[in-house]
Amino acid sequence: MRIIEAALITEAVAKLCIEANIVINDSLRNALINAGEKETLTLPCHALDTIIKNAEIAKKERLPICQDTGMAVVFVHIGVGAHVNGDISEAIHEGVRKGYREGYLRNSVVGDPVNRVNTGDNTPAVIHYDFTAGEQIHITVAPKGFGSENMSGIRMLNPSDGIEGAEDFILETVSKGGANPCPPIIVGVGIGGTMEKAALIAKQALLRDLGSVNRDPFWAEAEIRLLGRINELGIGASGYGGKSTALGVHINTYPTHIAGLPVAVNIGCHATRHSSIRI
């Protein structure tokens with residue numbers, strides 16, 4: 001059994017909150033550059049160039065990529081041989097408080113969804129726990145802005161709707177979102193499970209590196225097909241038209257009930273952010 005102090009979790013989460021809001025990963029940066037090289041229209045070319053320059057300045061000056069520094073979504077994979085000395089959930093919330101304070105990140109969380117009084121420290125975070133083999137703890141912080149989150153959706157389809165119905169719903173969701181989620185977007189899709197499971201695996205799909213290939217050939221083909229169909233919508237970078245509505249489509253699946261076909265779409269903006277550490 002390996003003992004891990006709660007204070008170590010707090011420090012790790014604080015650093016991840018700052019890093020995720022300042023630096024985009026290499027796969028996303030390369031995808032944006034490739035999109036700019038393929039674009040032919042003036043306005044979307046300019047938009048992509050501006051997005052890339054903004055990311056470079058943010059990294060160099062240690063400033064947030066976007067003014068919406070998101071609600072902190074934290075994925076925690078705990079090795080069964082690890083024991084946290086303290087309250088791990090409170091350690092994570094304290095890490096979010098510390099990171100958002102020290103990183104001068106905007107506090108965007110309200111304590112009640114209707115009364116809407118800002119909590120003042122961007123907590124509580126949304127925390128998802130899972131358990132794995134080993135004695136390490138793997139933490140990913142994925143700040144989620146709501147320009148893109150608000151354009152997400154879920155639908156409980158009938159099994160008879162099949163892959164065609166699922167794809168039509170995905171296209172419908174992206175089309176309705178238009179320029180609101182700050183394209184070029186990443187489209188996370190969750191198919192199967194129950195309503196909440198589909199939504200969770202759709203969000204987890206946004207953590208995949210752009211350019212990665214689905215391990216199932218059937219779904220790999222579906223991802224490619226959907227990316228092509230989405231880019232044919234012509235929404236384009238920042239809504240200016242062109243070829244770059246989406247940079248990638250990532251599909252996660254899970255077994256489901258004989259009577260159901262849940263499909264969730266979680267849209268990530270051009271700065272889809274996440275940073276990870278293994279403790």
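Author: Helix 6 passes helix 8 in a right-handed crossing. Keep in mind that this is a predicted model.

Reader: At what angle do helix 6 and helix 8 pack?

Author: The angle is about 35°, and the axes of helix 6 and helix 8 are 11 Å apart.

Reader: Which residues make the contact?

Author: Helix 6 brings Ile163, Glu167, Asp168, Ile170, Leu171 and Val174. From helix 8 come Phe218, Trp219, Ala222, Arg225, Leu226, Arg229 and Ile230.

Reader: How many of the residues in that contact are nonpolar, and how many charged?

Author: There are 9 nonpolar and 4 charged residues, and no polar ones.

Reader: OK, new topic. What is the strand order in the sheet?

Author: The order is 6-9-7-8, in an open sheet of 4 strands with mixed pairing. Strand 6 (153-157) and strand 8 (246-256) are the edge strands, each pairing on one side only. On average, neighbouring strands are turned by 15° against each other, direction ignored.

Reader: And where does helix 6 pack?

Author: Helix 6, residues 162-177, packs on the sheet and touches strand 6, strand 7 and strand 9. Its direction makes about 30° with that of strand 9.

Reader: Which strands does helix 8 lie across?

Author: Helix 8 (residues 217-231) lies across strand 7 and strand 8, and runs at about 140° to strand 8.

Reader: Back to strand 7 and strand 9: parallel or antiparallel?

Author: Antiparallel, over 6 bridges, between residues 185-193 of strand 7 and residues 261-268 of strand 9. To find the pairing on screen, look for Ile191, which stands opposite Val263 in strand 9.

Key: Residues are numbered from 1 along each chain as its sequence is written. This is a predicted model: local features need pLDDT of at least 70, side-chain atom pairs count only at pLDDT 80 or more; totals for chains, interfaces and linings use all residues. Side-chain values use heavy atoms; hydrogens and water are left out. Two strands pair if DSSP finds at least two bridges between them. Helices (H or I, at least four residues) and strands (E, at least two) are DSSP runs, numbered from the N terminus. Axes are lines fitted to C-alpha atoms, for helices over the stretch in contact, and angles run from 0 to 180 degrees between N-to-C directions. Contact means heavy atoms within 4.5 Å. A crossing is left-handed if the near helix is turned anticlockwise from the far one by less than a right angle, and right-handed if clockwise. Ala, Val, Leu, Ile, Met, Phe, Trp, Tyr, Cys and Pro count as nonpolar, Asp, Glu, Lys and Arg as charged, and the others, Gly among them, as polar.
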